[in-house]
Amino acid sequence: MSKENIYNRLLDAIGNKYGVCGLMGNIQAESGMVSTNMQNSYENRLGMNDTTYTQAVDSGSYTNFVGDRVGYGLCQWTSSGRKNGLLNYARSTGRSIGDENMQIEYLLHELSTSYKYVLDVLKTATSVKEASDIVITKYERPASVGATASEATRNKALATRQKLGEEIYKMYCTEESEEKPMATKIIAIDAGHGRNTAGKRVTLNGYPDTREWTLNDRIADLLEKLLADYDCKVVRVDDTTGANDISLANRVGKANSANADIYISIHHNAVIKGGSGGGTVVYYYSNDSKRKSQAQKLYNFITDETRLYGNRSSQVLKNAFYVLKNTWMPAFLIENGFMDSTTDVPIILSESHAEKTAEGIRAFVVQELGLAKKKPTEKPTEAQDGTIYRVQV
């Protein structure tokens, strides 16, 4: 999944398959395309591994990230200047230092500012070798191609990274890879509750009596429309009319029977009782550490759009909610603001908030499942003289 995400995001920005694959071959050599990768030779010296180092930097308990000369992340950023830039960018966006998308954004930022000549080559390269060589010699600059390296060492490093880039090219860019059928991804969308579920509603005086289902369904409908542009299938496990509050067992059963790839349950919270604050909370249930990371990504994608940040004890929480515990696929339950909060209610009632929330969820789902946009279809049109043309729509 990470490799697909990296490829798609870089291709969107660079627009040249040779350039992207040459760059990715270098990333593969540097970090194995693992965004939390800490330079192995420092693990014993610092007494930390990829996970604990990342956590320590995020929490602030480790304060020498900038100056420790430890290669880190997709590109194994090492120098104090570049690590400081990476750290500042992560903090400015409110994301973990190990967040994959944040690092891709920072990589592209570096290329478009400090390494414009490298980016120019990546955009115009006519071979993987051309792109790979510019990245290793002008952007990554490992010791193996430095001034003191022998010609044999340098040639070996160039050839190794070129080969890695060409392997990625074969994976994504050859006729065989383009024609290889991909299984259609299935997204289960769950607008929580039903229209008449007791007690689930906006409760503040001065605001319209709005049921939670109405807020949930509005986001679910918008998300379904956004996903219609992608090669995927959406399964609604709720009653889209709101007339019936479908049981949790039936919702889960429908998603499991459909072999869904991801489950998104949409809700709004209520425990503040007229107080202020609240914001967004994302729940997950799994002992797999990856699930918590995914939940954090989902939270980040949503709040990047809505700016309705959670101020509860945690933004992301593990909870054995029925729909999270009993689904067979990665499942997430989102509380999109509080229906009894003086600060949240005017926001969550707005159409704009629903649109931004749906867009955040869409971006997360597209990334996690590697969804591709549908190719335009041809439709016949007839000129006045009876000639039939085919046009892209």
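Me: In this predicted model, buried means under 20% relative accessible area. What percentage of the 393 residues in the protein chain do buried residues make up?

Reply: The count rests on the cut-off of under 20% relative accessible area for each residue. Taken over the 393 residues of the protein chain, the buried share is 47%.

Me: Is Arg161 buried or exposed, and what is its relative accessible area?

Reply: Arg161 belongs to helix 9, which covers residues 151–172. A residue is buried when its relative accessible area is under 20%. Arg161 therefore counts as buried, its relative accessible area being 9%.

Me: Which residues does Arg161 touch, not counting residues up to four places away in sequence?

Reply: A contact requires heavy atoms within 4.5 Å. With residues up to four places away in sequence left out, the residues that Arg161 touches are Gly25, Asn26, Ala29, Glu30, Ser132, Ile136, Glu140 and Pro142.

Me: Is Lys163 buried or exposed?

Reply: Lys163 is also placed in helix 9. The exposed class begins over 50% relative accessible area. Because its relative accessibility is 53%, Lys163 is classed as exposed.

Me: How many Å apart in space are Lys163 and Ser132, C-alpha to C-alpha?

Reply: Ser132 is one of the residues touched by Arg161. Along the sequence, Lys163 and Ser132 are 31 residues apart. In space, their C-alpha to C-alpha separation is 9.2 Å.

Me: Among contacts in the protein chain between residues at least 6 apart in sequence, what percentage join residues at least 24 apart?

Reply: The contacts considered have heavy atoms within 4.5 Å. Of those between residues at least 6 apart in sequence, the share joining residues at least 24 apart is 69%.

Me: Which helix gives the most to the lining of the second largest pocket?

Reply: The second largest pocket holds about 1,000 Å³ of space. It is lined by 29 residues, and those closest to its centre are Thr36, Ser96, Gly98, Ser289 and Ser293. Two or more lining residues come from each of helix 1 (2–14), helix 4 (50–59), helix 13 (289–306) and helix 16 (351–369). With eight residues, the element that gives the most is helix 13.

Me: How many Å apart do the centres of the positive and negative side chains lie in the protein chain?

Reply: Lys and Arg are counted as positive, Asp and Glu as negative. The protein chain has 47 positive and 47 negative side chains. The separation between the centres of the two sets is 4 Å.

Me: How many helices and how many strands does the protein chain have?

Reply: The C-alpha trace of the protein chain spans about 75 × 75 × 35 Å along its principal axes. Its secondary structure consists of 16 helices and eight strands.

Key
Residues are numbered from 1 along each chain as its sequence is written. This is a predicted model: local features need pLDDT of at least 70, side-chain atom pairs count only at pLDDT 80 or more; totals for chains, interfaces and linings use all residues. Side-chain values use heavy atoms; hydrogens and water are left out. Helices (H or I, at least four residues) and strands (E, at least two) are DSSP runs, numbered from the N terminus. Buried means under 20% relative accessible area, exposed over 50%, partly exposed in between (1.4 Å probe, protein chains only). The place of a charge is taken as NZ of Lys, CZ of Arg, CG of Asp or CD of Glu. On a 1 Å grid over the protein atoms alone, a cavity is a set of points where a 1.4 Å probe fits but cannot get out, and a pocket is an open set with protein on both sides within 12 Å along at least five of seven lines; lining residues have an atom within 4 Å of a point. Grid points are joined across faces, edges and corners, and a volume is the space filled by probe spheres set on the points.
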